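Student: Could we walk through this one together, starting with a charged pair?

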Amino acid sequence: MNLILDFLSKLKENNNRDWFQANRSHYEQARKDFEIFLSEIIAQINRFDNNTGLLTPQDCVFRIYRDIRFSPNKLPYKGNFGAYIAPGGRKSLLPGYYIHIEPGASFAGGGMYQPPSDMLKKIRQEIYFNAGEMLDIVHAPEFIRVFGKLSADDALKRPPRDFPKDFQQMELLMFRSYIASSSLTDEELLSPGLSLQVSQ
């Protein structure tokens with residue numbers, strides 16, 4: 001993990017193609033270390049969730065190259081290593097687990113990030129019919145201790161259509177993403193047994 005954080009810290013200060021090409025071997029070793037770390041995470045997740053299937057780290061890791069065609073930010077590389085562990089890997093539209101390694105801004109989490117509208121409607125319908133179970137999950141002391149609460153960063157301003165306006169748990173239907181995450185300090189990333197801690 002030291003090598004990963006060191007590479008990403010230097011990349012943040014030198015986010016350009018010339019530096020990246022000159023330091024490609026450093027990048028490749030850091031990515032290899034990240035994939036080794038991911039293989040441990042995947043193995044731990046498979047102990048309690050066998051729905052992810054037979055995934056390899058390569059299935060899950062996102063490219064470090066940014067798509068800058070329509071972005072005002074023209075930096076060519078991401079400042080993090082990220083991976084999505086779900087059936088089908090990083091391109092999956094199904095619920096899964098996300099790992100984000102970035103010096104001073106790392107986190108681990110899970111759920112569904114901005115699912116397509118038809119899938120989002122189905123999720124809301126399930127929550128509508130099972131609101132009590134959903135409340136039990138997000139109000140559980142262990143959930144609150146680890147995650148706090150569901151992320152409301154992209155929540156609706158008004159209740160979604162197709163649901164009764166007097167639904168008592170309407171706040172549960174206002175999300176456009178159903179995700180929760182827990183931050184990881186650099187010190188935690190460097191601690192022994194991290195893969196086990198992240199996956200529990």
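**Helices and salt bridges**

Tutor: Glu 35 and Arg 31 sit 4 residues apart in helix H3, so about one helical turn separates them. Helices here are DSSP runs (H or I, at least four residues), numbered from the N terminus, as are strands (E, at least two). Bear in mind that this is a predicted model: local features need pLDDT of at least 70, side-chain atom pairs count only at pLDDT 80 or more, and totals for chains, interfaces and linings use all residues. Residues are numbered from 1 along each chain as its sequence is written, and side-chain values use heavy atoms, leaving out hydrogens and water.

Student: How far apart are the closest N and O atoms of Glu 35 and Arg 31?

Tutor: A salt bridge needs a side-chain nitrogen of Lys or Arg within 4 Å of a carboxyl oxygen of Asp or Glu. Glu 35 and Arg 31 form one, with the closest N and O atoms at 3.0 Å.

Student: Is Glu 35 buried or exposed?

Tutor: Buried means under 20% relative accessible area, exposed over 50%, partly exposed in between (1.4 Å probe, protein chains only). Arg 31, at 22%, counts as partly exposed. Glu 35 has a relative accessible area of 14%, so Glu 35 is buried.
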